[in-house]
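Reader: I have the sequence and the model open. Let us go through it in short questions.

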Amino acid sequence: MRSSWYRVFIPLAALVSLPIAIGYAADSSHFWTELPDGGHVAKVQSLPDFVDLAAKLSPAVVNISSEEPDEPSANPEEEEPEQSPQGKSPHSPFEEYSPHAKSLGSGFIVSKDGYVVTNDHVVTDAERIAVSTQDGNQYKAKLVGRDEKSDIALLKIEPKHELPVAPLGNSDDVKVGQWVMAIGNPFGFDHTVTVGVVSAKGRFIPGNYDEFLQTDASINPGNSGGPLISVHGEVVGVNSAIYTRTGSNMGIGFAIPVNIVKEELDQLRASGKVVRGWLGVYIQKITPEIAESLNLPTPSGALVAEVLKGGPAKSAGIERGDVITSFDGAPIVDSRELPLLVGRTPIGHVATLGLIRQGKPQEIKIAITQSHEEELASAGPVEKPDRGTASPFGLYVKNLNPDLAKELGLEQSTGVVISAVQPGSRADEAGLRARDVILEVNRAGVKDVDSYRQAMDAGGRSKIVLILVKRGDSTIYFALKPEA
């Protein structure tokens, strides 16, 4: 059965403008602020004409049904229809239960000759894809291209006449509070119209590449892949996900900004996939504790946890521990912004990275190359680990030996490995695990337990300690808070 991850989107409603007179009354008898006389709403503009918007855009919205290959049953006669568990909540608030192998989703036509945009998760693993238009025609669809990272897929149907299209707008122009409309097929009810407002921009959902638009327009299973439409009649987003604890709409929906989609469509049509730029680094979020340990004024930027061999970052001279603060002049506040900026940069472009190294700001030029991302692998847990030597912050460590190094897939056979983490300790709170290999303590390299102890003693227990560990194929920084 296909994944139950329904990214259901409901287009956000169009913006109502409430002009007010700017100015505030100062009244010494109150500690709060009130608008002065005459500062109330002078005029309320009428709501957008959703009737005309729905009539104009609905013909370009399609119903998509995709069917997975049937899995053979050991005893078909005993097979019973799968039922949705009563009263059971999904194990993730971004998931919903999917009781059928056949899935329904939405899409919209972007060209008169039959190109259709939808979500990748609507058609993933589908054996056959059918597209139904509002006029009642049904077409067999060809999957032209797909991109799992952005959750966008491009389909092609062969119509007998020119099709109505949904024009693509500019998602960068969308404002929070703006009215939007969603059209889709929730629960199979085709061409359902819902309206709401843009609740937020730049939302990140764990495990997803996109920087989403958030809306309170009703989104339910079947809305996935449908358009989020502005009051100007332009698509500003592709409905993709909902936040839910019940399996139904809770007023928090997410849409992929259409500008990201527009950057991918030509590649999807030409080659069936999307090629992105790459720096060749692993980065991580800067927490307040890490910022303090690095003497950064604010917990912003992207911390370089590892520089990959053969990547552009290695050639450019980027080092582990660098904090990337800007990319081609665009500030990096949240570390998750950096992959989006790099991924949208043309291959071969020479970018300027602003970074902080050892407390000093500097700039580095780097040539963007094609992405060569690798899957990360983590070593399995030890059933009964030797607790080794106790150390501050709830860590137990021991010297790395050749046999354990080989088991962990490490090139070096010396070093310090965490053998156990005391539950509830500072190390446990920070996320350190048994079998993590400690490489640095407060930017000082450690080769054995003795050098590890010296580095820990030098840092003291009253200050934040910055530890760099190797976990699987990646390296990660952890900040240990002072012990009480």
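Reader: How many helices and strands are there in the protein?
Author: This is a predicted model. Strands in it number 28. Helices number nine, so under the DSSP run definition the count is nine helices and 28 strands.

Reader: What percentage of the residues is buried?
Author: The protein has 484 residues. Buried means under 20% relative accessible area. By that cut-off, the buried share is 48%.

Reader: What share of the contacts with a separation of 6 or more joins residues 24 or more positions apart?
Author: Contact here means heavy atoms within 4.5 Å. Among contacts with a separation of 6 or more, the share from residues 24 or more positions apart is 65%.

Reader: Which element gives the largest share of the largest nonpolar core?
Author: The largest nonpolar core has 28 residues, and Val117, Met181, Val238, Ile256 and Val261 are those with the most contacts inside it. Elements giving two or more residues to this core include helix H1 (50-57), strand E3 (115-119) and strand E12 (235-242). The largest share is five residues, and it comes from H3.

Reader: How many residues are in the other core?
Author: Nonpolar side chains tend to be buried together in soluble globular proteins. Another core lies apart from the largest one. Its members include Ile290, Val323, Leu439 and Ala479, and its size is 21 residues.

Reader: Why does Lys470 have no salt bridge, and how far away is the nearest side chain of opposite charge?
Author: Lys470 sits in strand E27 (residues 465-471) and is buried. Its contacts beyond four places in sequence include Glu306, Asp436 and Leu439. A salt bridge needs a side-chain nitrogen of Lys or Arg within 4 Å of a carboxyl oxygen.

Reader: Is His191 buried or exposed?
Author: His191 lies in the loop between E8 and strand E9 (192-203). Its phi is near 55°, a positive value in a residue other than glycine. Its relative accessibility is 13%, so His191 counts as buried.

Reader: Where does Asn442 fall: buried, partly exposed or exposed?
Author: Asn442 is in the loop between strand E25 (437-441) and strand E26 (444-445). Its phi is positive, about 55°, although Asn442 is not a glycine. Its relative accessibility is 31%, so Asn442 counts as partly exposed.

Notes. Residues are numbered from 1 along each chain as its sequence is written. This is a predicted model: local features need pLDDT of at least 70, side-chain atom pairs count only at pLDDT 80 or more; totals for chains, interfaces and linings use all residues. Side-chain values use heavy atoms; hydrogens and water are left out. Helices (H or I, at least four residues) and strands (E, at least two) are DSSP runs, numbered from the N terminus. Buried means under 20% relative accessible area, exposed over 50%, partly exposed in between (1.4 Å probe, protein chains only). Lys and Arg count as positive and Asp and Glu as negative; His and the chain ends are not counted. A nonpolar core is a set of buried Ala, Val, Leu, Ile, Met, Phe, Trp, Tyr and Cys residues joined through side-chain atoms within 4.5 Å.
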